[in-house]
Structure formats: structure tokens, C-alpha cells
Amino acid sequence: MEDNEEEDLGVLDDQRSIILHLLSQLKLGMDLTRVVLPTFILEKRSLLEMYANFMAHPDMFLSITAGATAEDRIVRFVEYYLTAFHEGRKGAVAKKPYNPALGETFHCSWEVPRDRVRPLRSQGPREPASRGPINTQQQDDPSGTECYRVRFVAEQVSHHPPVSGFYCECPERRMCVNTHVWTRSKFMGMSIGVSMIGEGTLCLLEHDEEYVFTLPCAYARSILTMPWVELGGKVTINCAKSGYSATVTFHTKPFYGGKVHRVTAEIKQNLTNTIVCKAQGEWNGTLEFTYSSGETKVIDTAKLPIIKKKLRPVEKQGQNESRQVWQHVTKSLKEGNIDEATEHKHRLEERQREEERQRAADNSPWTPKYFSKKGEGWIYHNTLWKSH
């Protein structure tokens with residue numbers, strides 16, 4: 001039902017000359033939002049779907065709320081956060097996901113076996129009481145074990161600037177996360193920098209806690225030869241109620257020597273300014289955590305089991321859902337028919353422009369289906385915290 005395969009293709013010589021031509025027209029620091037990139041640089045999925053891959057370890061996500069103390073919960077959140085990036089970046093070659101069309105949506109879910117969710121550290125296994133009529137969808141799970149269901153929805157809520165909203169929830173664990181991201185790309189010579197502007201909020205209703213977090217920048221390096229992605233910048237995670245915060249630094253590789261994909265993190269209790277946990281390693285390799293107790297723990301992202309997301313087949317998707325919107329471009333790219341893919345993409349873009357002109361003529365601004373604007377951000381209509 002679900003095709004997640006990404007073939008690794010280097011850049012071919014005739015394609016290289018197109019990129020050279022494209023680069024010759026760009027100026028340093030130029031905003032790439034409106035630059036049309038050649039189709040062969042495209043990854044065969046939408047940016048909205050790529051955001052769903054931040055949830056490739058939903059068992060670690062669901063374990064956060066089971067932490068016995070506020071300290072334990074933020075530590076679990078940081079463990080989850082540091083492992084959330086490697087799955088979205090599967091292949092060795094950096095490619096650009098499709099720019100979502102305004103109003104494009106992406107839906108998926110995960111079935112997480114209950115026994116995979118880490119229980120409380122201090123009190124042995126404990127099953128949380130089921131709240132309300134949430135079906136654990138036993139029949140969906142072939143192994144017969146009971147599952148938690150995690151649901152994800154993303155929507156492109158604005159075109160200029162390009163803002164995506166995404167929301168993820170597990171009602172049974174009484175936790176959800178709401179995020180809005182605005183991507184801005186910049187040309188930097190032999191690399192392209194992408195800022196992810198915006199923030200997310202993780203709500204743990206059981207503890208009445210909110211964790212506000214930001215996202216790193218991404219860089220596509222050596223775009224002429226074998227492009228690869230690295231993350232950079234400092235992100236923060238903050239829980240106002242418990243007074244814990246974390247700083248995560250994604251280190252870009254120095255020009256000479258130095259390791260690639262390095263990340264360091266520090267969790268502290270703001271009131272006492274005490275560091276309770278430190279982490280270091282590679283976000284797509286091995287991460288080592290050192291806790292205030294003197295304990296250490298190593299997480300190897302390559303060995304973490306991945307729970308596959310579930311989607312409805314393309315033919316059953318609505319006309320604005322990512323895989324439905326992009327199906328012809330994707331099919332042509334898979335068949336290696338670049339010209340045809342470019343043609344399909346051009347048609348989609350033309351249709352968007354036409355719809356935009358029509359809205360301007362009718363003076364009817366776009367209204368997103370699932371999110372509404374609140375201050376600088378966008379909030380999902382039906383968040384868990386509203387329904388409790």
C-alpha cells in the first residue's frame with residue numbers, strides 16, 4: 001500500500017550543466033523561494049510528507065508522558081527529538097521535496113504496540129487508564145497485540161510565505177503536538193541553506209505541561225557533485241510549568257577536518273541553573289546521554305526500530321492530499337521520464353496561479369481546512385487540549 005523507497009541517483013553530466021546554468025543566474029544570499037528548480041533535483045514526495053517522518057519513532061514519542069517526574073519527561077523528549085531527524089533524510093543524496101500547493105494536506109497514522117512504549121522509570125510497568133471511547137484498533141494490527149494509534153495531519157496553510165502546519169495526537173495517551181513551519185531557502189555558493197522558521201508545542205495533558213520547541217536549519221552541500229544534507233544551528237525546548245529547558249546545537253562541519261552531523265545537547269533546571277543531562281553524538285549515528293545520576297545511555301539511531309506510517313491508497317485519497325496531488329509527477333520521476341515530470345509539475349503550478357488570480361479577482365482570501373491563524377502561529381482546529 002505504501003511506497004517509501006527512495007533510489008539514490010547521483011547527478012548526471014547533462015543535469016550538471018543545467019545546475020551550472022541555474023547557479024550562474026543566482027546571487028549570493030538570494031532568497032530561493034520563487035526560483036524554479038529543475039525537476040530531477042526533486043525527491044519523490046511532498047514536504048508535508050517529509051514532516052511526517054519526524055514521527056518515525058512514535059513509541060519514543062509516546063514514552064515521553066510516562067516519565068515519572070518533570071525531569072524525566074524533558075529528558076525523554078530530548079531523546080525523542082534527537083532521533084527524529086535521521087529517518088526524514090534517508091538517501092545519501094540530498095534532494096528537494098515538492099513544494100506543497102496551497103491547501104495541500106497529508107494524513108497518516110501509526111499503530112504502536114503497547115509493549116513498545118517505555119513505562120515509568122521508577123515504578124515498573126504501568127498501563128495508563130484508557131480515557132473515553134478510544135478504540136485501540138486491534139483488528140488493524142496483524143500480530144494481535146494491542147496498539148496505541150497516533151494520528152498525523154499536515155496542511156499547507158499559506159503560500160507567501162510558504163507555511164506548513166502539522167498536528168499529531170494520541171488521545172489515549174492524552175498527548176499532542178502542534179507545529180507551524182515556514183521554510184526560507186538561501187543560495188550560498190556551493191550550498192543552499194534552508195531555515196525552518198516557526199515552533200512547535202508538545203502538550204502532555206496528563207501533567208498539564210507544554211513544551212515549546214524550535215527546529216534547526218538544513219543545508220544542501222556540494223550541490224554540483226553528490227549533494228548531501230547537514231543540519232545546523234541552535235534550537236531550544238522549554239517547559240514553563242516545570243522550569244526545565246534544553247538547548248540542542250547541530251554543529252556544521254568545519255571547513256577543514258572535523259566530524260560531520262555532530263549534535264550536542266544540555267538539559268537544565270532553570271531555577272537552580274543545574275544541568276541534569278548532557279548528550280552528544282551524531283543525529284544520524286550514535287548518541288550518548290549522561291544523566292545527573294552519573295548513568296549513561298547510548299542510542300544508535302541506525303538500530304532503532306522504525307514503525308511504518310499507514311496511509312490510504314492514492315485512489316482513495318481526496319484531491320488535495322499530497323500523493324494524489326503529485327501522483328503524476330512522482331510516477332514520471334520513478335520511470336525516469338524527467339520531461340514528462342516537468343510538464344506535470346508545470347501544469348500543477350499553472351493551476352495554482354490560476355486559482356490565486358481567481359481568489360484575488362473575487363477578493364476571497366484562502367481559508368485553510370484544518371488550521372487557523374493565532375498570533376504568529378497556526379493552531380489545529382480540533383486539538384486535544386480544546387476537547388478536554
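Author: Start with burial. Of the protein's 388 residues, 52% count as buried. Buried means under 20% relative accessible area, exposed over 50%, and partly exposed in between, with a 1.4 Å probe and protein chains only. This is a predicted model: local features need pLDDT of at least 70, side-chain atom pairs count only at pLDDT 80 or more, and totals for chains, interfaces and linings use all residues. Residues are numbered from 1 along each chain as its sequence is written, and side-chain values use heavy atoms, leaving out hydrogens and water.

Reader: How many helices and strands does the protein have?

Author: Helices (H or I, at least four residues) and strands (E, at least two) are DSSP runs, numbered from the N terminus. Here there are eight helices and 17 strands.

Reader: Which residues touch the most other members of the largest nonpolar core?

Author: A nonpolar core is a set of buried Ala, Val, Leu, Ile, Met, Phe, Trp, Tyr and Cys residues joined through side-chain atoms within 4.5 Å. The largest one holds 64 residues, and Trp-110, Phe-152 and Ile-237 touch the most other members. Helix α4 (residues 70-82) gives the most to this core: eight residues. A second, separate core has twelve residues, among them Val-163, Leu-205, Phe-371 and Tyr-380.

Reader: What does Trp-110 touch?

Author: Contact means heavy atoms within 4.5 Å. Leaving out residues up to four places away in sequence, the partners of Trp-110 include Ala-52, Met-55, Phe-152, Cys-168 and Ile-307. Across the protein, take the contacts with a separation of 6 or more: 61% of them join residues 24 or more positions apart.

Reader: Is His-180 buried or exposed?

Author: His-180 sits in strand β6 (residues 175-187). His-180 counts as buried because its relative accessible area is 14%. Beyond four places in sequence, His-180 touches Val-163, Gly-165, Glu-199 and Trp-378, among others.

Reader: Now the lysines. Which side chain makes a polar contact with that of Lys-345?

Author: A polar contact is a pair of N or O atoms within 3.5 Å; within protein, one must be able to donate a hydrogen and the other to accept it, and residues adjacent in sequence count only if both atoms are side-chain atoms. Lys-345 lies in helix α7 (residues 338-362). Its side chain meets that of Glu-349 at 3.0 Å. Lys-345 is buried, at 10% relative accessibility.

Reader: Where is Lys-373 found?

Author: Lys-373 belongs to strand β16 (residues 371-374). A polar atom of its side chain lies 3.1 Å from the backbone oxygen of Gly-375. Lys-373 and Gly-165 are 208 residues apart in sequence, yet 10.0 Å apart in space, C-alpha to C-alpha.

Reader: How many aromatic pairs are there in the whole structure?

Author: Rings of Phe, Tyr and Trp (its six-membered ring) pair if their centres lie within 6.5 Å; planes under 30 degrees apart count as stacked, over 60 as edge-to-face and the rest as tilted. The search finds 19 pairs. Phe-77 and Phe-213 are edge-to-face, with 5.6 Å centre to centre and 80° between the planes. That pair links helix α4 to strand β8 (residues 209-213), 136 residues apart. Phe-77 is buried at 3% relative accessibility, and Phe-213 is buried at 8%. Tyr-98 and Trp-326 are stacked, at 4.3 Å and 20°. Both are buried.
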